Amino acid sequence: EKPNLEAIDITNYSITPDGVKVVARFSKVLRYKNYDKFYDINIVRKKDINVIDNLKAKRGSLRGDNLKIEGKVRYKDSEGVKFSSEEAKYNLKTKVFRSDVDFVLETNSTITHGTSLVYQSKDGKIYANNIKSVTEVNKK
């Protein structure tokens, strides 16, 4: 199957009345009839007033509302949350983020390793399997 469109070295800006909300960079984008492919993904987003997050991956595809990213998937935000895995999926409509492979999730005080994860971002719930977690507790 050949793409309908091929674009190289793309920077996409999402601008709202409040200013630039998202800057997405890709080395290449291929658009097919029913889906898009992205390479060397680097997305920076203004999440809240004082919170910025960043998502990176080697490649990804978007089919309808389903985004799949693969290859050194890395997420971090300015509040100290970090996520890494080799694969992740996100549904744009339901706002459910999942990884069905090994992952590492870090916060300012905890490092968690697991074999799969589901994050329901609408209600802030995380479900994970086979987790091993280390938490640093400050002594008072």
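1. Let's start with the aromatic rings. Phe83, Phe97 and Phe103 are joined into a cluster by ring pairs. Keep in mind as you read that this is a predicted model. Across the structure there are four aromatic pairs, and this note walks through two of them.

2. How are the rings of Phe83 and Phe97 arranged, stacked or edge-to-face? Their planes sit at 85° with the ring centres 5.2 Å apart, so this pair is edge-to-face. Phe83 belongs to strand S6 and Phe97 to strand S7 (residues 96-99), so to speak two distant parts of the chain, 14 residues apart, that the pair links. Both partners are tucked away: Phe83 is buried at 5% relative accessibility, and Phe97 is buried at 16%.

3. Now look at Phe83 with Phe103. Here the ring centres are 6.1 Å apart and the planes meet at 20°, so the pair is stacked. This pair also links distant parts of the chain, with Phe83 in strand S6 and Phe103 in strand S8, 20 residues apart. Phe103 counts as buried too, at 3% relative accessibility.

4. Phe83 turns up again in the largest nonpolar core. That core has 16 residues, and those touching the most other members are Phe26, Ile41, Ile69, Val73, Phe83 and Leu117. Strands S2 (19-31), S3, S4, S5, S6 (82-91) and S8 (103-106) each give two or more residues to this core. S2 supplies the largest share, three residues. As background, nonpolar side chains tend to be buried together in soluble globular proteins.

5. Pick Ile69 from that core and check its surroundings. Which residues does Ile69 contact, leaving aside its neighbours within four places in sequence? They are Ile41, Leu55, Ala57, Arg59, Gly60, Glu86, Glu87 and Ala88. Ile41 is also on the list of core residues that touch the most other members.

6. Next, the charged side chains. Side chains of opposite charge can pair when their charged atoms come close. The count in this model is seven salt bridges. One of them joins Asp77 to Lys47, with the closest N and O atoms 3.6 Å apart. Asp77 is in strand S5 (residues 66-77) and Lys47 in strand S3 (residues 36-48), so the bridge ties together parts 30 residues apart in sequence.

7. Another salt bridge connects Glu70 and Arg59, whose closest N and O atoms are 3.9 Å apart. Glu70 lies in strand S5 and Arg59 in strand S4 (residues 51-63), 11 residues apart, and the pair links these distant parts of the chain. Glu70 is partly exposed, at 25% relative accessible area, and Arg59 is partly exposed at 38%.

8. Glu70 has a further partner. Its side chain meets that of Lys68 in a salt bridge, 3.9 Å from N to O. Lys68 is partly exposed, with 30% relative accessibility. Put together, Arg59, Lys68 and Glu70 form a network of salt bridges.

9. Finally, have a look at the outside. Where do you find a nonpolar patch? Tyr13, Ile15 and Val20 form one on the surface, and together they have about 320 Å² of accessible area. Ile15 sits in strand S1 (residues 5-16) and is exposed, with a relative accessible area of 62%.

Technical notes. Residues numbered from 1 in each chain as written. Predicted model: local features only at pLDDT ≥ 70, side-chain atom pairs only at ≥ 80, totals over all residues. Heavy atoms only, no water. Salt bridge = Lys/Arg side-chain N within 4 Å of Asp/Glu carboxyl O. Helix = DSSP H or I, 4+ residues; strand = E, 2+ residues; numbered from the N terminus. Buried < 20%, exposed > 50% of the residue type's maximum accessible area, 1.4 Å probe, protein only. Core = buried A, V, L, I, M, F, W, Y, C linked by side-chain atoms within 4.5 Å. Contact = heavy atoms within 4.5 Å. Patch = residues over 30% accessible without salt bridge, like charges linked within 9 Å, V, L, I, M, F, W, Y side chains within 5 Å. Areas by Shrake-Rupley, 256 points an atom, 1.4 Å probe, with all protein chains shown as cover. Phe/Tyr/Trp six-rings, centres within 6.5 Å; stacked < 30°, edge-to-face > 60°.
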